[in-house]
Amino acid sequence: MTIKPVFTAAPFDVEDVIRNASIQEKIGLLSGIDFWHTKPLPRFNVPSIRTSDGPNGIRGTKFFNSVPAACLPCGTALGATWDIELLKDAGILLGKECSAKGVSCWLGFESFSEDPFLSGKLAGSIINGVQSNGTVATIKHFVANDQEHERMAVNAIISERALREIYLLPFQIAIADSFPGSVMTAYNKVNGEHVAESKCFIKDILRGEWRWEGLVMSDWLGTYSTSEALNAGMDLEMPGPTKWRGGIAELAVSSRKITEATIDERVRDVLNFVKRASKAKVSPIEGKRDHPEDRTLNRKLASSGVVLLKNGTSILLFSKDINEIALIGPGIKEVAFCGGGSARLEPYYTVSLYQGIADALGNNVKIGFEPGAYAHRYLPTLGQNIHTPDGKPGAVMSFYLEPMGINPREVVDQVVITDTAFQLMDYRHPRLSALYYTSLECIYTAPSTGRFEFGLTFFGSGNLYIDEKLIGTVEEKGVVDMEEGKSYRVRLEFGSSPTSKVVRPGMVAFPGGAGSIGAIRVMDEDESIKNTAALAARNKHVVLCAGLSIGKREGFDRRHMDLPSNVSKLISSVLKANPNSVIVTQSGTPINMLPWTQQATTQVHSWFGGNELGHGIADVLFGQVNPSGRLPLSFPKKLSDNPAFLNFGSQRGRVIYGEDVYVGYRYYEKLEMEVLFPFGHGLSYTTFAYTSLQSTVHSIILTVTNSGPLPGSDIVQLYVSPDSSCSIPRPVKELKGFTKLYLEAGKSKQVDIQLDRFAFSFWDEVLRAWVEEKGIYTLSVGRSSADILLEGSVKIEETRVWRGL
């Protein structure tokens, strides 16, 4: 495929446009033209720039019926690599994916870690990778976008110190390290003011104190005003067409609520962004790449984030010279490759753990399989078991102006989709308004004989029919007796989002709506668990995989940490039958592992691993890769141990960040509270020794030796503890440096970790500045926040006050 710029007009002069464009033309530049594109100004050769998410891949321009994409592991999986160079490579891949899809601006990752230093360093690295080919990266969501409950309305009440040390710091570090071309504001308020309308955050901190120059854009539908947002410095309202600019902004100018000089400032930021982004060489069509080297990198990303939590009896690593293995659990064949919402992509392909292990072992090994229990939040889509009425893979969606029952009704549009889940937020047709209707039809071939449960989830309204019999609505599910190999006609009659009866204050009401048809064979889980335990008892080698499914959706917070349904019961039963079973868990954040973790000798955590999930986990299980992942999050024992337990969630429109600066391990260490697995934890198949620590206020030097039998990678973590006479309460210690290194067995390497000016500083709310207070600071070097191997100290001779990036 020939790669060339989407827009090939002559370059434009930013100041010439500002001098000569009309006020209407200028205001027109300050909002998108559609869901993904900025508005062009052909008279001055100003092109339209295409933006796209998701955070873990490049969707292109369609949620609905999108072009397949490379799907990287989720943010916390990448965080678990602790690997700055590898994340730069991941960013380079994302930049190439942008080019293939005609995208010049990537809407970036959202979360890597509970620790601001680790998050900032990894974010800066991936941004540098993305921007290496000219693609502009957007860092988001600025700031304190930490919950889904009433996310457009909630007022996050946060101390200034916590804002600076925990929530702004990752942005500050990433911006200093990478200079992203764009910042996206968060939906929420902070201390009584929407961030998109905050002069404090946008003008004073971002542009003033940090001296960052770039575009500030809203989150999608996250603009709430005209004058306030423009005066605060929010340049671009997305998506288009505009709700708050256009004629309303013209009136604001004429009534002097906004000056023309302010409009010119916002236009200058947009034009500089367009000028920078238009230099990226992108495809004229929305295409694909899926190259072998991309698959190799994605596999490395997946395996590098896998964390070996326990290996008490050295069950791992498995030999490939085995005759039989039992693969157990809902995660063995279900591919939880990504999260939901904006993280959900149509992947080029996916690899299940079953396939990954089968590929590792070859054809001469007997594999026993039992799901044991179901783990889905929503019924699995119909997937590979469907075809259209005329025999094509997938299902056909027909769009109408009128609802079912009005005959005849004209088919306005018709689209073939690959599965029975759809998001219509960016679907547009010139003849359809916000209110429209659609029929989804397919032929479902039953994969086995038995009773199948069918159900719907959607935003809108709808009824589901099997062979023209009403089976279910959003309020109820239906059960159908089916025979293996027999075909059944499935039809969903759907009304777009205006037909919904659901009202959720404070939430984003995207147009179009969304829906999913799911089905699964009804299982007697008690009987299935009994059969699964018997399979585990018969086998020496057992892998059980379970966790949270791909159904975790944007727009909803998890209400608990528990595994779905009977999954914990399944794990306990299998461990009772075979204590040497290897337990593999999958989730983007901590889960409840009690009580069964007390019986488990061998545990692996694998996150949502992207396209190569199955190969990535199998590479670790069979020693193709020596595990080097480390937890970027503390795993508490139970929900009530979480620092935010008493405060989380919007209460009448506000949430108090009562834990202040004591987030994650900072909280647990201050309270001397034991966790299940500490921040930074992760095991290897080899061992490492740390010696010869030398410390200064600028860096530490030590020697790391691979003292074990196998080559492998280690992550050296540096924590700083304040002087005991510090004038303000501070965490016991804080991560201030880290490095990852690879060593052959028996080899040593000298490691140098630099310390920046944040290393000894805290934010002083009276001085409104960073303070590096004089005193003696302890430097702790270890393999996790709880596994400290060496300690040294340095003395800060004089107190220093500073501000800036």
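User: Which residues make the nonpolar surface patch of about 300 Å²?

Analyst: The structure is a predicted model, and the patch in question is made by Leu639, Phe645 and Leu646. Leu639 is found in the loop between α16 (613–621) and β26 (654–656).

User: Is Leu639 to be read as buried, partly exposed or exposed, and at what relative accessibility?

Analyst: Leu639 counts as partly exposed because its relative accessibility is 32%, and buried would require a value under 20%.

User: Which strands are joined to β5, and by how many bridges?

Analyst: Strand β3 (residues 136–142) runs parallel to β5 and is joined to it by three bridges. Strand β8 (residues 215–217) is likewise parallel to β5, again with three bridges.

User: How is a pair of aromatic rings described?

Analyst: Such a pair is described by the distance of the centres and the angle of the planes. A search of the whole structure finds 32 aromatic pairs. One of them is formed by Phe399 and Tyr436, with 6.0 Å from centre to centre and 55° between the planes, a tilted arrangement. This pair links distant parts of the chain, since Phe399 belongs to strand β13 (residues 395–400) and Tyr436 to the loop between β15 (421–423) and β16 (437–445), 37 residues apart.

User: Are Phe399 and Tyr436 buried or exposed?

Analyst: Phe399 is buried, with a relative accessible area of 0%, and Tyr436 counts as buried at 3% relative accessibility.

User: Which residues do ring pairs link into a cluster?

Analyst: The cluster consists of Trp82, Phe117, Tyr665, Phe679, Tyr719 and Phe738. Tyr719 also takes part in a contact with a charge: the charged end of Lys733 sits over its ring, 5.7 Å from the centre.

User: Where does the charged end of Arg295 sit?

Analyst: The charged end of Arg295 sits over the ring of Tyr349, at 3.7 Å from the ring centre.

User: How many salt bridges does the count come to, and which residue forms one with Lys740?

Analyst: The count comes to 35 salt bridges. Lys740 forms one with Asp83, the closest N and O atoms being 3.9 Å apart, which lies within the 4 Å cut-off. Lys740 lies in strand β30 (residues 734–743) and Asp83 in the loop between α3 (75–79) and α4 (84–100), so the pair ties together parts that are 657 residues apart in sequence. Asp83 is buried, with a relative accessible area of 17%.

User: Which residue forms a salt bridge with Arg491, and how far apart are the closest N and O atoms?

Analyst: The partner of Arg491 is Glu493, with the closest N and O atoms 2.8 Å apart. Arg491 counts as buried at 11% relative accessibility, and Glu493 is buried with a relative accessible area of 10%.

User: Which side chain meets Lys733 in a salt bridge?

Analyst: Lys733 meets the side chain of Glu669, at 2.7 Å from N to O. Lys733 lies in the loop between β29 (712–721) and β30, whereas Glu669 lies in helix α17 (residues 665–671), so the pair ties together parts 64 residues apart in sequence. Both Lys733 and Glu669 are buried.

User: Which residues do salt bridges with shared partners join into one network?

Analyst: That network contains Arg207, Asp235, Glu265, Arg266 and Asp269.

How values were computed:
Residues are numbered from 1 along each chain as its sequence is written. This is a predicted model: local features need pLDDT of at least 70, side-chain atom pairs count only at pLDDT 80 or more; totals for chains, interfaces and linings use all residues. Side-chain values use heavy atoms; hydrogens and water are left out. Two strands pair if DSSP finds at least two bridges between them. Helices (H or I, at least four residues) and strands (E, at least two) are DSSP runs, numbered from the N terminus. Patches are made of residues with over 30% relative accessible area and no salt bridge: like charges are joined within 9 Å, nonpolar side chains (Val, Leu, Ile, Met, Phe, Trp, Tyr) within 5 Å. Accessible areas come from the Shrake-Rupley method with a 1.4 Å probe; for residues, only the protein chains shown count as cover. Buried means under 20% relative accessible area, exposed over 50%, partly exposed in between (1.4 Å probe, protein chains only). Rings of Phe, Tyr and Trp (its six-membered ring) pair if their centres lie within 6.5 Å; planes under 30 degrees apart count as stacked, over 60 as edge-to-face and the rest as tilted. A charge sits over a ring if NZ of Lys or CZ of Arg is within 6 Å of the ring centre and within 35 degrees of the ring normal.
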